[in-house]
Amino acid sequence: MIISRLLQTYRKLFRRNNSIRLGAELKNTVLGYNINISRYSFISNSSIDNYTSIGRNTVISNANVGKFCSISWNVTIGATQHNYKKLSTHAFTYIKYYGFTKSDHRITIFTEIGNDVWIGANAIIMPGVTIGNGAVIGAGSIVTKNVEPYQIVVGNPARQIGYRFSQKKIEYVKGLQWWDWEESKLKEKIHLFQEPIE
């Protein structure tokens, strides 16, 4: 009990109430607050905004992830690409680690994930893709092109199967931009989030 309270105090004071689990690795990454990063996830050269939850064994590279996102386990976002039109696809030609070049020249293309996005287990989001606010990516999907706000996509390659709400409701929710509300307002209006939109 005492250890649990000490850990909570430590997280609030020094980690902006972020929970970074055993084996998770972060490099060159900016975190908001109240973020959960599960075991053995790897995040590099990215930003993760407030209240986002990341499942175990997830890899995120070169990505900006919005607020209140739910990212499941074994998800890959923004994996490094290889240029298959060159003589070799191997990284020895552009990463100094191998000793053939004096500087790193990785292919870096940023991926943009909006707010309130749900990404199912084992999904792959290719580099350079933009996922709109409120979108849903089905488990096991491979997303190779942009996804509109509130669009639901599934499959390989991912294809649209519908939207979370009618167009009228989508416009209403877009106007709310509730993810930018203060915590006090979210608490006050929590009943709006506990039932389907009418």
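## Basis of the model

Helices (H or I, at least four residues) and strands (E, at least two) are DSSP runs, numbered from the N terminus. This is a predicted model, in which local features need pLDDT of at least 70, side-chain atom pairs count only at pLDDT 80 or more, and totals for chains, interfaces and linings use all residues. Residues are numbered from 1 along each chain as its sequence is written, and side-chain values use heavy atoms, with hydrogens and water left out.

## Nonpolar cores

A nonpolar core is a set of buried Ala, Val, Leu, Ile, Met, Phe, Trp, Tyr and Cys residues joined through side-chain atoms within 4.5 Å. Buried means under 20% relative accessible area, exposed over 50%, and partly exposed in between (1.4 Å probe, protein chains only). The largest such core holds 27 residues. Ile-119 and Ile-131 have the most contacts inside it. Strands β4 (42-48) and β7 (63-65) are the elements that give two or more residues to this core. Another core, of nine residues, lies apart from it; Phe-68, Tyr-150, Val-173 and Leu-186 are among its members.

## Salt bridges

The structure holds five salt bridges (a side-chain nitrogen of Lys or Arg within 4 Å of a carboxyl oxygen of Asp or Glu). In one of them, Asp-180 pairs with Lys-67, the closest N and O atoms being 2.9 Å apart. Asp-180 sits in the loop between α2 (167-176) and α3 (183-188), and Lys-67 in the loop between β7 and β8 (70-71), so the pair ties together parts 113 residues apart in sequence. Asp-180 is partly exposed, at 44% relative accessibility. Lys-67 is buried, at 14%.

Arg-164 pairs with Asp-116, with closest N and O atoms 3.1 Å apart. Arg-164 lies in the loop between β17 (159-163) and α2, and Asp-116 in the loop between β10 and β11 (118-119), so this bridge ties together parts 48 residues apart in sequence. Within helix α2, Lys-174 and Glu-171 are three residues apart, about one turn. Their closest N and O atoms are 3.6 Å apart.

## Surface patch

Tyr-97, Tyr-98 and Phe-100 make a nonpolar surface patch of about 440 Å². Patches are made of residues with over 30% relative accessible area and no salt bridge: like charges are joined within 9 Å, nonpolar side chains (Val, Leu, Ile, Met, Phe, Trp, Tyr) within 5 Å. Accessible areas come from the Shrake-Rupley method with a 1.4 Å probe; for residues, only the protein chains shown count as cover. Tyr-97 is in the loop between β9 (76-77) and β10 (111-113). Tyr-97 counts as exposed, at 70% relative accessibility.
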